[in-house]
Amino acid sequence: RILVGTPKDTDEFATRLEIFAREILESLLSEPDVLTITQMEMLQGFRHGGESFAKSKEQCLGALRAYVETAQGAGIVREGVDPAYVVGTLMDRVFNQAIYASSLRQMYDASIDDPDYRAEWVRKTVDLLVNGLKSN
């Protein structure tokens with residue numbers, strides 16, 4: 001729902017990506033057992049089914065890709081950027097934070113479970129994805 005329509009500018013594009021990423025991350029963190037089972041099934045190629053997960057994943061990732069493509073068509077995302085790589089990069093970051101939350105908690109003085117840190121992490125992740133490393 002947050003990814004429907006054309007963003008009017010880069011700020012709106014980034015804000016909507018932040019909301020999407022935060023909602024996905026919060027959902028994953030709220031159901032750690034489901035996340036673990038899903039991760040194990042993915043590693044084994046869904047030998048025990050997984051059709052409904054695959055359908056949900058495709059809808060979610062498809063909506064994100066369509067949003068990036070729409071922003072690209074509006075000149076917000078530069079030509080030559082592959083929307084599939086944007087989707088993969090963002091989702092890799094989100095899933096890794098959820099999967100390794102307990103390990104990261106032990107290694108660093110921050111926890112993705114903390115809502116303030118989570119909001120900062122999402123904002124900085126989207127900023128890096130949208131704005132890159134180049135100074136303008």
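Trainee: Where does Ser111 lie?
Mentor: Ser111 sits in the loop between helix H5 (101-107) and H6, where helices are DSSP runs of H or I with at least four residues, numbered from the N terminus. This is a predicted model, in which local features need pLDDT of at least 70 and side-chain atom pairs count only at pLDDT 80 or more, while totals for chains, interfaces and linings use all residues. Residues are numbered from 1 along each chain as its sequence is written, and side-chain values use heavy atoms, with hydrogens and water left out.

Trainee: Does Ser111 count as buried or exposed, and why?
Mentor: Ser111 counts as buried because its relative accessibility is 15%, and buried means under 20% relative accessible area, with exposed over 50% and partly exposed in between, using a 1.4 Å probe and protein chains only.

Trainee: And which residues is Ser111 in contact with?
Mentor: Leaving aside neighbours within four places in sequence, Ser111 is in contact with Arg105 and Tyr117, contact being heavy atoms within 4.5 Å.

Trainee: Switching to Arg16, where is its place?
Mentor: Arg16 belongs to helix H1, and at 9% relative accessibility Arg16 counts as buried.

Trainee: What does the side chain of Arg16 reach?
Mentor: The Arg16 side chain comes to 2.8 Å from the backbone oxygen of Ile2. Beyond the neighbours within four places in sequence, Arg16 is in contact with Ile2, Leu3, Val4, Gly5, Thr6, Pro7 and Tyr67.

Trainee: What about the span of H1, how far apart are its end C-alpha atoms?
Mentor: They are 30 Å apart, which agrees with the 30 Å that the 21 residues of H1 (residues 10-30) should span at 1.5 Å a residue, the expected span being 1.5 Å times one less than the number of residues.

Trainee: At what angle do H1 and H4 pack?
Mentor: H1 and helix H4 (residues 83-99) pack at about 30°, with their axes 9 Å apart; axes are lines fitted to C-alpha atoms, for helices over the stretch in contact, and angles run from 0 to 180 degrees between N-to-C directions. The two helices, H1 and H4, are therefore roughly parallel to each other, since angles under 35 degrees count as roughly parallel, over 145 as roughly antiparallel, 65 to 115 as roughly perpendicular and the rest as oblique.

Trainee: How do H4 and H6 pack, then?
Mentor: H4 and helix H6 (residues 115-131) pack at an angle of about 155°, with axes 11 Å apart. That makes H4 roughly antiparallel to H6, and Val86, Thr89, Leu90, Arg93, Val94 and Gln97 in H4 meet Trp121, Thr125, Val126 and Leu129 in H6.

How values were computed: Polar contact = N/O pair within 3.5 Å; in protein donor to acceptor, adjacent residues only side chain to side chain.
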